[in-house]
Amino acid sequence: MNRADTLAGKIALITGSSTGIGAATALELARRGVRVILHGRTESENLISIADQVSIAGVAVKTVCCDFSSLDSLDSFAETVWQQFGGLDILVNNAGVDVLTGALADASFFEKFDNLWRVDVAATLILSRLLGRRMLESATADSLPAGKKSIVNIGWDQAHQGMSGDSGEMFATIKGAVMSMTRSLAQSLAPQVRVNCVAPGWIKTKWGNTASDSWNDRAVNESLMHRWGQPQDVARAIVWLAAPGASFVSGQILPVNGGYRFFQGESES
């Protein structure tokens, strides 16, 4: 590894890090020597398991639990996070509501949308402001070079073009908002804190593991790599954006979809 590009010794918070992309990101960062703060809505078995795996990588790990649907709790959450290791270098806003396979799978469109808006959009913006400003102030106080601290958000590769059906309407709205806020936050926090967004395509998370044959065919056919993406594919892109080697990259949306081929498949309702 290029010594100038090392992340060793940095401090990272990964929200929603008990499964999927969040868990993969935590492990990728830990392997690079990053001290990791894990987050889950509750202290689940999955969260404890990821914490154990991070410890095996030989770095310090903390867990902080918070239900992001309660926006009033974010002030105290940010304060608790900051105190874990005495600061923060990397914030990965990965937490999101599972409305496809979770407890909200059978909820109404508007109940799903309301939960997505509060957790995926409002909590992402509030945490980016609360922690981003602390990161900016600490970088300034320590006279760090520009771009040494980083925030990475999670968008969606099809948000810009849209997709028909209930899920398409919801996720294009929600993730489109995250992608837009990324560009504004990048300007607000520059130059000390870089803010970028990865936009995953078809990734084999919980929903992908139960997808029908038609959805599986669509996911494979829409990728130029002719396969589903894996959480690790997204995690590696996040790590690259957080690393010093990307110090001149900010306000950008990075698709992680294997190269997108537009495919007129059926929509999901």
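**View 1. Helices H3 and H4 pack against each other in this predicted model.** H3 covers residues 74-85, and H4 covers residues 109-141. Their axes lie 10 Å apart, at an angle of about 40°. The crossing of H3 past H4 is right-handed.

**View 2. Side by side, H3 and H4 each supply residues to the contact.** From H3 come Leu74, Asp75, Phe77, Ala78, Glu79 and Trp82. From H4 come Ala123, Ile126, Leu127, Leu130, Leu131, Arg134, Met135 and Ser138. Sorted by class, the contact of H3 with H4 holds 10 nonpolar, one polar and three charged residues.

**View 3. Seven strands build an open sheet.** Their order is E3-E2-E1-E4-E5-E6-E7, and the pairing is parallel. E3 (61-65) and E7 (253-256) stand at the edges. Each has a single partner strand, so one side of each lacks a neighbour in the sheet. From one strand to the next, the twist averages 20°.

**View 4. Strands E1 and E2 run parallel.** E1 spans residues 11-14, and E2 spans residues 35-40. Four bridges join the two strands. Look for isoleucine 14: its bridge partner in E2 is leucine 38.

**View 5. Helices H1 and H5 lie across strands of the sheet.** H1 (residues 20-31) lies across E1, E2, E4 (90-93) and E6 (193-200). H1 runs at about 170° to E1. H5 (residues 166-189) lies across E5 (149-154), E6 and E7. H5 runs at about 165° to E6.

Definitions and conventions:
Residues numbered from 1 in each chain as written. Predicted model: local features only at pLDDT ≥ 70, side-chain atom pairs only at ≥ 80, totals over all residues. Heavy atoms only, no water. Axes fitted to C-alpha atoms, helices over the stretch in contact; angles between N-to-C directions. Left-handed = near helix turned anticlockwise from the far one by under 90°. Contact = heavy atoms within 4.5 Å. Nonpolar A, V, L, I, M, F, W, Y, C, P; charged D, E, K, R; others polar. Pairing = 2+ DSSP bridges.
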